[in-house]
Amino acid sequence: MTFLKRLFLILINQQKKSLGSTDSLHQLTDEELVSKIVANNDSMLFGVLYDRYSRMVYNKCYGFARSQDEAEDLTQDVFLMLFVKLASFKGKSKFSTWLYSFTYNFCVNYVNRNKQRKMSDKSVSMDTTEYRLTEEVPDEQIYELKATKLAKALKIMDPDEKSLLLLKYQDGASIKELCELYEVGESAMKMRLKRAKAKLLEIYKEKK
């Protein structure tokens, strides 16, 4: 762990202790808390946000890491970058949805840097005729997929499609929230979801 990350953890822990269990702070919504942190560049309040979401961020990072130590390092990297970029959250979607996307993109970039290659957005460059004739996959069919087999299928999917599906079906993001996160129109987002669901089902059926 670098000195900067170690210092960051020390500060976070000290700030949480100094804040204690102040009810008024812990009763703030995520959006209210973010607004106060950004307005005053308040690293002390950031400790409350860290406390709320460190476990979620760690769980996401663990899926990309080769060890617990690497996952912990990635988690601290995410929060360091989050503190710098927090003002870019505009409240157009739930903070938890935005943070999931932020964490996922950070981890994908981390993996790709290690592999010395750039990730391409296949959902944009893909020929729109590829799934044009594919029947719509009902959401109920996605929810009924067996967890172990589904996890294997997700692991080999395109990272962008995987991220989109997890945002929609794991974190419960609405179409409107996804449109705002990805900065696309509703019809384009529905097409992306349709392709991603069809691809997932195709891979799922091939898995034993």
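Predicted model: local features only at pLDDT ≥ 70, side-chain atom pairs only at ≥ 80, totals over all residues.
1. Ile175 is a residue of helix 11. Leaving aside residues up to four places away in sequence, Ile175 touches Lys168, Glu186, Met189, Lys190 and Leu193.

2. Helix 11 spans residues 175-182 and helix 12 spans residues 186-206; their axes are 9 Å apart and the packing angle is about 100°. Angles of 65 to 115 degrees count as roughly perpendicular, and helix 11 and helix 12 are therefore described as roughly perpendicular to each other.

3. Helix 4 (residues 43-62) and helix 5 (residues 68-85) have axes that come within 9 Å and cross at roughly 140°. An angle over 145 degrees would be needed for the roughly antiparallel class; helix 4 and helix 5 are therefore oblique to each other. The crossing of helix 4 and helix 5 is right-handed. Helix 4 contributes Ser43, Phe46, Tyr50, Tyr53, Ser54, Val57, Tyr58, Cys61 and Tyr62, while helix 5 contributes Gln68, Ala71, Glu72, Leu74, Thr75, Gln76, Val78, Phe79, Leu82 and Phe83. Sorted by class, the contact of helix 4 with helix 5 comprises 13 nonpolar, 5 polar and 1 charged residues.

4. For helix 6 (residues 95-114) and helix 10 (residues 159-169), the axes come within 11 Å and cross at roughly 160°. Helix 6 and helix 10 are therefore roughly antiparallel to each other. Their crossing is right-handed. The residues in contact are Thr97, Tyr100, Ser101, Tyr104 and Val108 from helix 6, together with Pro159, Lys162, Ser163, Leu166 and Leu167 from helix 10. This contact of helix 6 with helix 10 contains 6 nonpolar, 3 polar and 1 charged residues.

5. The second largest pocket holds about 240 Å³ of space. Its lining consists of Ser88, Phe89, Lys90, Gly91, Lys92, Ser93, Trp98, Glu180, Leu181 and Glu183. By class, the lining of this second largest pocket has 4 charged, 3 polar and 3 nonpolar residues. Among the lining residues, Glu180 and Leu181 fall within the range of helix 11, residues 175-182, and Trp98 falls within that of helix 6, residues 95-114.

How values were computed: Residues numbered from 1 in each chain as written. Heavy atoms only, no water. Axes fitted to C-alpha atoms, helices over the stretch in contact; angles between N-to-C directions. Helix = DSSP H or I, 4+ residues; strand = E, 2+ residues; numbered from the N terminus. Parallel < 35°, antiparallel > 145°, perpendicular 65-115°, else oblique. Left-handed = near helix turned anticlockwise from the far one by under 90°. Contact = heavy atoms within 4.5 Å. Nonpolar A, V, L, I, M, F, W, Y, C, P; charged D, E, K, R; others polar. 1 Å grid on protein atoms, 1.4 Å probe; cavity = no way out; pocket = protein on both sides within 12 Å on 5 of 7 lines; lining within 4 Å. Points joined across faces, edges and corners; volume = space filled by probe spheres on them.
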